Amino acid sequence: MSWLDQAPFQPALWAGLVAAAAVAGWLRIRRPAERRSLHFAFGFLALAAITLGIGAWLSDQPVVATAIAGAGVVLAGLAVIQVAAVTVFRGLLPMAGLAVPRIAQDLTNAGLSMLWLLLCLRFAGLNPAQLFTTSAIVTAVIAFSMQDTLGNVLGGIVIQLDNSLRVGDWVRLDDVNGRVEDVRWRYTTIRTRNGELVMVPNSWLMKNRFYVLREPGDGAPLAVRRAVVFQVDSQAEPSKVIQALERSVLDATIAHVLAEPPPSAVLTEVASGFNRFTLRYWLSDPQHDDPTDSAVRIHALAALGRADVPLGVPREEHLMIKENEVWHAAAQQREAARRLEAIRQTDLFAALSPAEQTALAERLIHAPFAAGDIMTRQGAVAHWLYLIVRGEAKVLVDGPQGKVEVATLGGGSVFGEMGLLTGEPRSATVVAATAVECYRLDKQGFAEVLRQRPDIAREISTTVEARAAERASRLAKAGAKAQPTGDLLRRILNFFSLGN
């Protein structure tokens, strides 16, 4: 009697078919996404029931009935394995909070199916080992023809073993950018922002570089740095622009933008007519990159508007056009007015006549400094002075315990006058505390005015001596030694070769 004809076996077999069909039906209702996988299970169950029914109907032909019933048992086993794999990997494990890639289900299904076929061969009286030995050449040919498929299978296994790619990760490779939906035995599926489903062979992932965005694992949220670019008019003060851009994100509530790490803005390019700034912020969800970039730009543009910072455009000038000549003339007049105002606000040149002040203003050179720049260094020799128009600078002198801050200079202040008038080394180091806009006057520019009216030297020397006395007092409080002015007027006349 065949094992297929044993009395306890037949009822148990039909009971297994009914149970598998019931579970498959329940999964089809609860897991609509698995309907395609269950189609194979329903097909195997139907074929198993049909073949078993035919085998029972042909009971008067034992050989044929046994063969057909054996095929039904094989199909029934494959159906049960298919349903069991879907139940465990797509039903029970997700309910326990475990997201397992589909390659685990596929490999488990394939392995159990192969084991079931070998058992069936053993029950049928065949030795699987002898079968594999006699078909070694065929097996080698099949393996060679399926090397790409085997590479994909092994690639998927290795990717899962070393945890380099997980379901839910955001990845970027070549021109594909999206979230990993699943890892199959042959390929990995990636859902892009456009809703496209991209299949990438696992063997390709093993051989090429790809980028993964994933939470650090120490409890910190996922943070992706984004960058948006702004072109700002070249006349705008860079530190002012950077502050406005950074505050635009810090002072706003923008969805998916992280407060930590904080945003940062940098000057990335200086071009003709504009400066290019890059505002970098941190995004919590790559899915919303473009909309969040748009929101950040909107807030940044509003902040630049509040700060009175105009946007910049590439500038092209044609000097042959009459309107441009008028524009240049107006710009030169505005700049001349600014320089003259800087001279008039300086007590050192307050006693000069309007014509002399205008002559000095024409010799001023624009000299901006960024925060942290050393504007002049103690002990250096430089024959010019600086007139600060806007910003703040710190005056530091070398003391017994290092550099000591002795003064803060603001708009309208002047420093470096002794270097201009006498040529002596700088008595202090001046560092820009903020962005500083100032003008520089060199020896040649001052000498022209001085030669026309040497009496200016006497008037200026009186002012400089008063400033030197005040500076000496501050240096004494700081524990530093001030240089004596001596006969300042004589030193000025000798330095400019004016004699008596």
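This is a dialogue on how to read several features of the structure above.

Visitor: What kind of model is this, and how are its residues numbered?

Guide: This is a predicted model, in which local features need pLDDT of at least 70 and side-chain atom pairs count only at pLDDT 80 or more, while totals for chains, interfaces and linings use all residues. Residues are numbered from 1 along each chain as its sequence is written, and side-chain values use heavy atoms, with hydrogens and water left out.

Visitor: Which strands does β3 pair with, and in what sense?

Guide: Helices (H or I, at least four residues) and strands (E, at least two) are DSSP runs numbered from the N terminus, and two strands pair if DSSP finds at least two bridges between them. Here strand β2 (residues 176–183) runs antiparallel to β3 and is joined to it by 5 bridges, with R179 standing opposite R191 in β3, and a hairpin connects β2 to β3 through 3 residues. On the other pairing, β3 and strand β4 (residues 197–201) are antiparallel over 5 bridges, and I190 stands opposite V198 in β4. The hairpin of β3 and β4 has 4 residues between the strands, and G195 in its turn has a positive phi of about 85 degrees.

Visitor: Why is strand β3 described as largely enclosed by the rest of the structure?

Guide: Buried means under 20% relative accessible area, exposed means over 50%, and partly exposed lies in between (1.4 Å probe, protein chains only). In strand β3 (residues 187–192), 5 of the 6 residues are buried, so the strand is largely enclosed by the rest of the structure.

Visitor: Which residues of the largest nonpolar core touch the most other members?

Guide: In soluble globular proteins, nonpolar side chains tend to be buried together. A nonpolar core is a set of buried Ala, Val, Leu, Ile, Met, Phe, Trp, Tyr and Cys residues joined through side-chain atoms within 4.5 Å. The largest one here has 31 residues, of which F349, L360, L385, L441, F446 and I460 touch the most other members. Elements that each supply at least two residues of this core include α11 (322–344), β11 (384–390), β16 (436–442) and α16 (488–495), and α16 gives the most, with 5 residues. Taking contact as heavy atoms within 4.5 Å, and leaving aside neighbours within four places in sequence, L385 is in contact with residues including L348, F349, V414, F415 and L441. A second, separate core of 21 residues includes F230, V241, V257 and L304.

Visitor: In what order do the strands of the open sheet lie?

Guide: The open sheet is formed by 4 strands in the order β9-β16-β11-β14, with antiparallel pairing. Its edge strands, each pairing on one side only, are β9 (365–369) and β14 (414–415). Between β11 and β14, which run antiparallel, there are 2 bridges, and Y386 stands opposite F415 in β14.

Visitor: How many salt bridges does the structure hold, and which residues are linked in a network?

Guide: Side chains of opposite charge can pair when their charged atoms come close. A salt bridge is a side-chain nitrogen of Lys or Arg within 4 Å of a carboxyl oxygen of Asp or Glu, and the structure holds 17 of them. One of them joins the side chains of D251 and R247 at 2.5 Å, N to O; D251 is exposed, with a relative accessible area of 54%, whereas R247 is partly exposed at 39%. Another joins R338 to E335, with the closest N and O atoms 3.8 Å apart, and both residues lie in helix α11, 3 residues apart, about one turn of the helix. The network of salt bridges links E237, E335, R338, R339, R390 and E437.

Visitor: Where are residues other than glycine with a positive phi, and where is the cis peptide bond?

Guide: H256, which is not a glycine, has a positive phi of about 70 degrees, and H256 is placed in the loop between α9 and β7, where it counts as partly exposed at 32% relative accessibility. P261 is found in the loop between α9 (238–250) and β7 (264–270), and the peptide bond from E260 to P261 is cis, with omega near -5 degrees. D308 has a positive phi near 60 degrees, lies in the loop between α10 (289–306) and α11, and is exposed, with a relative accessible area of 64%.
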